[in-house]
Amino acid sequence: MELGVSTSCLYPLETEKSLELVTKNGVKSCEIFFNATCELEPYFVDILYRIKKEYGIQVISLHPTLSLAESFMIFSAYERRIQEGLDKYRRYGEIAAKLGAKYVIMHGGKPNGVLDDDEYCERFLQVADVVSQNGAVLLQENVFNFRANEIPFLKYMVRNLGEKANFCLDVKQSIRGGYTPFDVLDAVGANVRHLHISDHNSSSDCLLPLDGAFDFIKLFERMKDFDYDGAAMIEVYSWAYKNYDQIFSSYKNLRDKIG
């Protein structure tokens, strides 16, 4: 299993500083989480590209800063906002090509949105199409308080879209949603392309790996059942640790544990 760290772990440290710190601590693969629309500008992407080249880190995925606005912009009934949202995702597809990233991840629409399930899937395909223009694949993440939190809806996406329904499975989001990541795998495991991993216990739903009770070996073994060839990105909130060194110790300890 290819192991990495998301720059989102270091939030609110600026994106380029987060990437540089991740690379300097021996991490070989990463996800870049964008935190402002100005970070889509060519000059800023060039900064990220130089860091990537200098340290030789592999960028696996991008996480747009649009997450909280996707219901309002993309999964809405107002055509101008939809087009603006598609333009932004087209830009993320271009950036993915520049940085060599395979995936672009979205939270999607809220459960009380104006689109029905069929319309949601059609809109998802529109976003996937603009992202794919430069070779990247759009992933739907199972995020708590979003429509994709519900396992029946994830199953519906697979029935409706088939192999075009691609997912990022986030461990902490499944726990927050009231189910286990293994429940998600039972439903859509063959369509999971990317993992966000974290640990948890009875008192916290988001801990650094190996700080809780989650069985990562079991998770990775289950992924083998689906011939999974993607990566596992550590992604935690800033309150899950006291200093940055703990992130990288967790990464190294988990890497050693899984061999």
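This is a predicted model: local features need pLDDT of at least 70, side-chain atom pairs count only at pLDDT 80 or more; totals for chains, interfaces and linings use all residues.
**Barrel and helices**

Eight strands form a closed barrel in the order S1-S2-S3-S4-S5-S6-S7-S8, and their pairing is parallel. From one strand to the next, the twist averages 30°. Helix H1 (residues 15–24) packs on the sheet, where it touches strand S1 (2–6) and strand S2 (29–33). The direction of H1 makes about 170° with that of S2. Helix H8 (residues 181–188) lies across strand S6 (167–170) and S7, and runs at about 160° to S6.

Strand S7 (residues 192–197) also runs parallel to strand S8 (residues 231–234), to which three bridges join it. Opposite Met233 in S8 stands His196.

**Pocket and cavity**

The largest pocket has 22 lining residues. Those that lie nearest its centre are Ser8, Phe33, His63, His107 and Tyr237. One cavity of 30 Å³ or more is present in the structure. The largest cavity is lined by Ser71, Phe75, Gly109, Lys110, Gly113, Val114, Leu115, Tyr120 and Arg147. The table sets out the volume and lining of each space.

| Space | Volume | Residues of the lining |
|---|---|---|
| Largest pocket | about 510 Å³ | 11 nonpolar, eight polar, three charged |
| Largest cavity | about 30 Å³ | four nonpolar, three polar, two charged |

Methods: Residues are numbered from 1 along each chain as its sequence is written. Side-chain values use heavy atoms; hydrogens and water are left out. Two strands pair if DSSP finds at least two bridges between them. Helices (H or I, at least four residues) and strands (E, at least two) are DSSP runs, numbered from the N terminus. Axes are lines fitted to C-alpha atoms, for helices over the stretch in contact, and angles run from 0 to 180 degrees between N-to-C directions. Contact means heavy atoms within 4.5 Å. On a 1 Å grid over the protein atoms alone, a cavity is a set of points where a 1.4 Å probe fits but cannot get out, and a pocket is an open set with protein on both sides within 12 Å along at least five of seven lines; lining residues have an atom within 4 Å of a point. Grid points are joined across faces, edges and corners, and a volume is the space filled by probe spheres set on the points. Ala, Val, Leu, Ile, Met, Phe, Trp, Tyr, Cys and Pro count as nonpolar, Asp, Glu, Lys and Arg as charged, and the others, Gly among them, as polar.
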